[in-house]
Amino acid sequence: MIIIGEKINGFIPRTLAAIEDRDEKYIRFLAEKQSERNAKYLDICAGVAPEKERDTLKWLCEVVQSATDTPICLDSSDPQILVDMIAEIEVPGMINSVSLEANKCEIVLSKIADSDWKVIALTCDDNGTPDDPSVKFDIACKLIAKANAVGITNDRIFIDPLVTTLATKENSLVSFTKAIRLIRAEFPDVHITSGLSNISYGMPNRKAINMQFLSLSMAAGMDSAILDPLSPDMQATIHATDALLGNDEFCMEYIAAYRAGLFDN
């Protein structure tokens, strides 16, 4: 399971307060702790007004890179900002995200083609975010083809089939996992990821929904997620699910994670 740490995100109130106060100590803390908890990438999203985003993202990248060697996942809805921020990054990481909306692919993909950068590609286009798994799959195919056309191999592509919120779509998990299986069958070497906590937005006891979503999606073929690596519940779910799926020989990873204190008794 490829963990992309979610905590350095201005849409989280405590993190936004630290960003607005330029609280370097707290941002460093989030970077260091997520890295210690097996985050392979650290998602960095400014979450501020558009006119402040570029400078804020640059500051965040500087702080995070001074705290840890864990690669950065640059997160913005503005493709030009993503491209411009590449020059600020010491170790190639991940671009979050491209889609078939407007000209996002054209702006981003050619800029990272001859590099080690990876890309998260969202299954949406100018018509919005589809619910139909077959439409999600069709968009994924087009995104993969665009990436391949400029030399980005499938192992550098992370497809996000965009789970909708359970509170508004009762079949959101069913649609999401069907899309995963379609993509996995056709492109076994492509990674599949998600913004995990989106599933539970607006619901009570969100962690219960998040845990079950993670487990069921892993069973369907999801091998990555943007999530909270500091949560013992998330860590327990990841390691228990891997063991139950037969991906953990003699449950050694599960036992090692338990002994390391990644999750509680």
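A residue is called buried under 20% relative accessible area, exposed over 50% and partly exposed in between (1.4 Å probe, protein chains only). The exercises below apply this and other terms to a predicted model, in which local features need pLDDT of at least 70, side-chain atom pairs count only at pLDDT 80 or more, and totals for chains, interfaces and linings use all residues. Residues are numbered from 1 along each chain as its sequence is written, and side-chain values use heavy atoms, with hydrogens and water left out.

**Exercise 1. Describe how helix H6 and helix H7 cross**.

Step 1. Two packed helices are described by the angle between their axes and the distance between the axes. Axes are lines fitted to C-alpha atoms, for helices over the stretch in contact, and angles run from 0 to 180 degrees between N-to-C directions.

Step 2. The axes of H6 (residues 133-149) and H7 (residues 172-186) come within 8 Å and cross at roughly 40°. H6 is therefore oblique to H7, given that under 35 degrees is roughly parallel, over 145 roughly antiparallel, 65 to 115 roughly perpendicular and the rest oblique.

Step 3. Contact means heavy atoms within 4.5 Å. Among the residues making it are Phe-137 and Ala-140 of H6, and Leu-182 and Ile-183 of H7.

**Exercise 2. Identify the residues with the most contacts inside the largest nonpolar core**.

Step 1. Such a core is a set of buried Ala, Val, Leu, Ile, Met, Phe, Trp, Tyr and Cys residues joined through side-chain atoms within 4.5 Å.

Step 2. The largest core has 66 residues, and Ile-27, Leu-74 and Ile-95 have the most contacts inside it. Helix H3 (residues 50-67) supplies the largest share, 7 residues.

Step 3. A second, separate core has 11 residues, including Ile-2 and Cys-73.

Key:
Helix = DSSP H or I, 4+ residues; strand = E, 2+ residues; numbered from the N terminus.
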